[in-house]
Amino acid sequence: MSAFKKMLDKKLSDSSGRRWLFVPYDQLSDGVGPLAKEDPKSLGIILVENTWKAARRPYHKQKLALILANLRNFALEQADRGVAVRYVVAHEPYGNAIEKVIPETGPIRMMTPAERELRADLRGLVNRGDLELIPHEGWHTTSKHFQESRKKGPPWRMDVFYRYVRQQTGILMEKGKPLGGKLSFDVENRRAWKGAPPAPEVPTFPVDPIKREVVDLIESGFSHHPGELDLHRLPGTKSDAQNLWSWAKSECLPYFGPYQDAMSKGSSSLFHTRISALLNIHRLLPAEIVDDVLGMDLPLQSKEGFIRQVLGWREFVYHVHQATDGFRTLPTGKPPVAEKPGDGGYSRWAGKPWPDKWSRKDPDGGAKPSFLGANNPLPQAFWGTESGLNCLDQVVSQVWREGYGHHITRLMVLANLATLLDISPRELTDWFWIAYSDAFDWVVEPNVMGMGTYAVGDLMTTKPYTSGAAYIHKMGDFCESCLFDAKKNCPITNLYWGFLDRQQESLKNNPRLRMMMATLRRRNTSLRQYDQKVFQRLSKTLKDGTQFTPDSLPKP
Ligand SMILES: Cc1cc2nc3c(=O)[nH]c(=O)nc-3n(C[C@H](O)[C@H](O)[C@H](O)COP(=O)(O)OP(=O)(O)OC[C@H]3O[C@@H](n4cnc5c(N)ncnc54)[C@H](O)[C@@H]3O)c2cc1C
Ligand code: SF4
């Protein structure tokens, strides 16, 4: 018997007469919902450790370990409080697994899942009245806030939503006006990082028998999953989550604002907090995070910059996902939906298919919008095959090492390059979902399809976030050790112009691109032809899984 099972069995209390709750992998908190409000001794929780979920995609090993270690430790923590715990190990969809326990528990409640995929899985039980959905109290705002922030409906804008939420909550407001005289200090938060102040050392966490067992389990049963597994950097308990947050407050937040957009090959987070995965599984609660930061003595630009991320962006993307049913219903119509989960290009890279053990179509593989018509396969470079583009290679290696990367590396290196290469937004989304520990459908789909690739047009952003080498050169240190010269021969700049050229028709009415389109028209014809040649040559090289060097550049 496993060490975890033995520890749990010792703590189990009498489960008769309890009211049962299903607590999924991403609601691991007793700070909200029935676990916060009702007598622990009147409650029972069902936790499901599910190999079916783990096998749906080739998830990063560190992500699997994070979920498993927290799920198991949460079981023990709740048993210590006197909550009855039913810990189910399942190899099938959650709906089937829960259905089997209902004859013994009777009807079950749960807070409405944030993931659409889980809602779809449980739909049958909800429709039959076996599972009652109650409001998810882990969010700061409700869909009513979202709708009231823009009564006209889409397109939605984060700044409009954020302004509304600031006004409604009074957060960082004084006499109805934003503190410091403006709502956002974003334009002041664009400093490059030159090595000082030093980047904080990423914290480590104590190793306990649960984590050790989880890591052994993954190394034996899930060894075919990609990514590095680091036992010492695995926050798996409630106190690990608090320690990470204490570290973030003292080491990161004082410098969060100014260096928010900076990137470095030496640090995947710089002054970012690394809390997203723990926020998304509710080991940390957004409301507590925001309260803590409001009480801190911080420069206003850092305080506002951080609060905008949690209160603004995070809640905004969640509501956009809900309002569009995971982008299945768009103002422009209904995009196609993938029948099965995609593997983000794993099979092409690994040379073998990802085993598909479950043929049921529901939950499906997600919506496939592509406003710009992009449909190319994701290059193997995203799986670690060297591309020769140092920015891409460095960021990809950080991700496979840690299951993490901060916002700007995701947006301006990975999504930018994928967009410039006309990569399928769905395949890129699946890759992000697989590679990042903090990825769940409600957050990864809007960020990749909405913000990163413009796959849903102007539904939530005003223009595609694309750039040539100048931005990467200015905001990061990757170019210093690259084979290319950002100012002379970097192919990303040609990709950028080539992209605008190919997308002239779809982007012609975009007011924010008017100036760039005018510059493009002034670019001489041979240069524009050269841009397309670079696009073709680089696309082919990456598709073949070979390295692009200055010698690979076509002759002008
Ligand atoms: C292409 C792309 C894909 C992304 N995929 C994910 C994802 O799968 N999961 C995820 O949580 N975030 C995602 N993000 C948003 C953001 O990059 C991460 O939340 C952030 O980098 C997490 O690191 P951190 O905790 O150090 O964040 P910090 O910079 O310290 O920010 C604090 C918190 O703000 C929240 N936040 C900030 N921006 C966003 C945003 N755009 N959407 C949602 N929350 C936000 C996060 O909870 C984050 O922990 C993505 C962004 C892009 C551009
Ligand atoms: S020179 Fe170009 S390819 Fe190399 S790191 Fe800089 S932006 Fe990336």
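A residue counts as partly exposed when its relative accessible area lies between the buried class, under 20%, and the exposed class, over 50%. With that cut-off in mind, select Cys482 in this predicted model: because its relative accessibility is 21%, Cys482 counts as partly exposed. If you then look for sulfur bridges anywhere in the model, you will find that the structure holds 0 disulfides.

Next, select ligand 1 together with the residues around it. The shell comprises 28 residues, and those that come nearest are His272, Thr273, Arg274, Tyr404 and Asn447.

At Thr273, a polar side-chain atom lies 2.6 Å from an oxygen atom of ligand 1. At Asn280, an N or O atom of the side chain is 2.9 Å from a ligand oxygen, and for the side chain of His407 the distance from an N or O atom to an oxygen atom of ligand 1 is also given as 2.9 Å. Switch to a surface view here: on its own, ligand 1 has 810 Å² of accessible area, and the protein covers 99% of this.

Which elements give two or more residues to the shell around ligand 1? Select α11 (276-280), α13 (300-323), α16 (407-420) and α18 (441-452) to see them. Among these, α13 gives the most, with 6 residues in the shell.

Past the helix, select Tyr454, which follows α18 and has a positive phi, near 60°.

For the last stop, go to the loop between α10 (238-256) and α11, where Gly257 has its place. Is Gly257 buried or exposed? Its relative accessible area is 0%, so Gly257 is buried. Select Pro299 as well and draw a C-alpha to C-alpha distance: Gly257 and Pro299 are 42 residues apart in sequence, and 8.3 Å apart in space.

Methods
Residues are numbered from 1 along each chain as its sequence is written. Chains are lettered from A and ligands numbered from 1 in the order in which they are written. This is a predicted model: local features need pLDDT of at least 70, side-chain atom pairs count only at pLDDT 80 or more; totals for chains, interfaces and linings use all residues. Side-chain values use heavy atoms; hydrogens and water are left out. A residue is near a molecule or strand if one of its heavy atoms lies within 4 Å of it. A polar contact is a pair of N or O atoms within 3.5 Å; within protein, one must be able to donate a hydrogen and the other to accept it, and residues adjacent in sequence count only if both atoms are side-chain atoms. Accessible areas come from the Shrake-Rupley method with a 1.4 Å probe; for residues, only the protein chains shown count as cover. Helices (H or I, at least four residues) and strands (E, at least two) are DSSP runs, numbered from the N terminus. A disulfide is a pair of cysteine sulfur atoms within 2.5 Å. Buried means under 20% relative accessible area, exposed over 50%, partly exposed in between (1.4 Å probe, protein chains only).
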